[in-house]
Amino acid sequence: MSVLPLVFTSGWASGINAYAVVLLLGVFGATGLSDAVPSALQRPEVLVAAGALFLCEAVADKIPYVDSVWDSVHTVIRPIAGAWVGALLAGHSGSLNDVVAGLIGGSTALASHAVKAGTRMAVNTSPEPFSNIVLSLAEDLGVAGIVSFAMFHPVAAAVIAGVLLLTGLVVLVFLVSRIRRFLRRRAERRASRSVTVSGGG
């Protein structure tokens, strides 16, 4: 069977939480639950690093405004991770060209990252922190559930990931005004800090 559905699903999930994807795939491979996982993802140092970074993201992702800063930093990291995982999966399977898999995984990760980051900006226009926590937990559980499901039912998992991605992109269009409000507030805070620093100097 082609590894394409798994590449697509892992790319979608990497755009939301790349460290969770690497950790989950590595655990599935290291425990022998799946033979579709390349050995590079099963290495102990990779699992330890992914686990530590996942814990950092689990905390940062639930704090208003900190989550958006974290997303900004990961605008490059998540697509690269999606491309890397996709290329590794393709190389291990041999049923898909590595470069093609990397492009699919990376572009899918970039699209889902845009949905995640944009949604967080919209949520951060609200003063309460609970929506951030609920959204973060939903993302974590969604990534864990769909990646785990993809290990045994890759095509069905890819369909679900595709539907979620398209739905997220549509929702993002309706959140444009809130995203603009967030960006405007952030620009105003930066301008205010600049004036304060200049005045203090």
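Does Val59 count as buried or exposed, and at what relative accessibility? Val59 counts as exposed because its relative accessibility is 54%, where exposed means over 50% relative accessible area, buried under 20% and partly exposed in between, with a 1.4 Å probe and protein chains only. The model is predicted, so local features need pLDDT of at least 70 and side-chain atom pairs count only at pLDDT 80 or more, whereas totals for chains, interfaces and linings use all residues. Residues are numbered from 1 along each chain as its sequence is written, and side-chain values use heavy atoms, with hydrogens and water left out.

**Overall fold**

- The secondary structure of the protein comes to seven helices and zero strands, in which helices (H or I, at least four residues) and strands (E, at least two) are DSSP runs numbered from the N terminus.
- The radius of gyration of the protein is 18 Å, close to the 17 Å that the globule rule gives for 201 residues, so the protein is as compact as a globular protein of that length; the radius is taken over C-alpha atoms, and the rule is 2.2 Å times the number of residues to the power 0.38.
- Along its principal axes, the C-alpha trace of the protein spans about 60 × 35 × 30 Å.
- Among contacts between residues at least 6 apart in sequence, 75% join residues at least 24 apart, a contact being heavy atoms within 4.5 Å.

**Surface and burial**

- Of the 201 residues of the protein, 44% count as buried.
- The accessible surface of the protein comes to about 9,800 Å², of which 74% belongs to carbon and sulfur atoms; accessible areas come from the Shrake-Rupley method with a 1.4 Å probe, and for residues only the protein chains shown count as cover.

**Aromatic pairs**

- A search of the whole structure finds two aromatic pairs, a pair being rings of Phe, Tyr and Trp (its six-membered ring) whose centres lie within 6.5 Å, with planes under 30 degrees apart counted as stacked, over 60 as edge-to-face and the rest as tilted.
- Phe28 and Phe152 form an edge-to-face pair, at 6.0 Å centre to centre and with 75 degrees between the planes.
- Phe28 lies in helix α1 (residues 4-30) and Phe152 in helix α5 (residues 130-152), so this pair ties together parts that are 124 residues apart in sequence; Phe28 counts as buried because its relative accessibility is 10%.
- Tyr65 and Phe182 form a stacked pair, with 5.7 Å from centre to centre and 20 degrees between the planes.
- Because Tyr65 lies in the loop between α2 and α3 (66-93) and Phe182 in helix α7 (residues 176-200), the pair ties together parts that are 117 residues apart in sequence.
- Tyr65 is partly exposed, with a relative accessible area of 30%, whereas Phe182 is buried, with a relative accessible area of 2%.
- Phi of Tyr65 is near 70 degrees, which is a positive value in a residue other than glycine.

**Salt bridges**

- The structure holds nine salt bridges, each being a side-chain nitrogen of Lys or Arg within 4 Å of a carboxyl oxygen of Asp or Glu.
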